[in-house]
Amino acid sequence: YLTVGAASPLQEAAVTGLRFGDGYYTWLRDLYTDRRDLMLKGLRDIGLRHTEPQGAYYIMVDISDFGYASDTEFCEDLAKYVGVGAVPGSAFFHENITQYMRLHFAKNRETLEEALERLQGIYQKMPVKK
């Protein structure tokens, strides 16, 4: 039954969400668009290649320039040397794809600005494995 029917609590939550009205969803769209644009500009300014999300609240960043065979190791080093947390991109692929990290931008603007500040100079801060 879990695969053919929606859970009752989720149905009730959806009804509540539908009652919020258009103004709430316009506000939410504008909020996430602002956060997305902030991150995209910041990543471009830093020189990191990345995806441009069309509806998601995360960005996949190409880390292949750093030469890591493991995106998990890269993310661990990113936290250690740069002070930014990211999720290994391989967690989101069935295939053996390890050249991405995932950055989430559904955060406070100040948190994103701090992350971008810390990412400045990433090419000097991170060990290169090539």
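**Figure 1. Buried residues of helix α2 in the predicted model.** L28, R35, L38, M39, L40, G42, L43 and I46 are the buried residues of α2, where buried means under 20% relative accessible area, exposed over 50% and partly exposed in between, with a 1.4 Å probe and protein chains only. The model is predicted, so local features need pLDDT of at least 70 and side-chain atom pairs count only at pLDDT 80 or more, while totals for chains, interfaces and linings use all residues. Residues are numbered from 1 along each chain as its sequence is written, and side-chain values use heavy atoms, with hydrogens and water left out. Helices (H or I, at least four residues) and strands (E, at least two) are DSSP runs numbered from the N terminus. The cover over the buried residues of α2 includes β1, β3, α4 and α5. The 25 residues of α2 should span 36 Å at 1.5 Å a residue, and the end C-alpha atoms are 36 Å apart, which agrees; the expected span is 1.5 Å times one less than the number of residues. After α2 comes G47, with a positive phi near 100°.

Figure 2. R35 counts as buried because its relative accessibility is 13%. Leaving aside neighbours within four places in sequence, R35 is in contact with F105, K107, N108, R109 and L112; contact means heavy atoms within 4.5 Å.

**Figure 3. H50 and A56 in the loop between α2 and β1.** A polar atom of the H50 side chain lies 2.8 Å from the backbone oxygen of L48. Beyond its neighbours within four places in sequence, H50 is in contact with L40, L43, R44, I59, M60, V61 and D62. A56, in the loop that joins α2 (22-46) to β1 (58-62), counts as partly exposed because its relative accessibility is 30%. The C-alpha atoms of A56 and H104 are separated by 9.2 Å, although these residues are 48 residues apart along the chain.

Figure 4. The volume of the largest pocket is about 260 Å³. On a 1 Å grid over the protein atoms alone, a cavity is a set of points where a 1.4 Å probe fits but cannot get out, whereas a pocket is an open set with protein on both sides within 12 Å along at least five of seven lines; lining residues have an atom within 4 Å of a point. Grid points are joined across faces, edges and corners, and the volume is the space filled by probe spheres set on the points. Of the 15 residues that line the largest pocket, V84, G85, H104, K107 and A115 are the closest to its centre. At least two lining residues come from each of β3 (100-104) and α4 (109-119), and α4 supplies the largest share, five residues. The lining comprises seven nonpolar, four polar and four charged residues; Ala, Val, Leu, Ile, Met, Phe, Trp, Tyr, Cys and Pro count as nonpolar, Asp, Glu, Lys and Arg as charged, and the others, Gly among them, as polar.

**Figure 5. M126 in the segment after α5 (122-125), shown with A79 of helix α3.** M126 counts as buried because its relative accessibility is 3%. Apart from neighbours within four places in sequence, M126 is in contact with F66, Y68, F74, D77, L78, Y81 and V82. A79, in helix α3 (residues 71-82), is partly exposed at 43% relative accessibility. The C-alpha atoms of A79 and M126, 47 residues apart along the chain, are separated by 10.0 Å. For M126 and E12, 114 residues apart along the chain, the C-alpha separation is 47 Å.

**Figure 6. K129 and its polar contact with E73.** K129 lies in the segment after α5 and is partly exposed at 40% relative accessibility. The side chains of K129 and E73 are joined by a polar contact of 3.1 Å, a polar contact being a pair of N or O atoms within 3.5 Å; within protein, one must be able to donate a hydrogen and the other to accept it, and residues adjacent in sequence count only if both atoms are side-chain atoms. Not counting residues up to four places away in sequence, K129 touches F66, G67, Y68, E73 and D77. From C-alpha to C-alpha, K129 and N96 are 19 Å apart in space and 33 residues apart in sequence.
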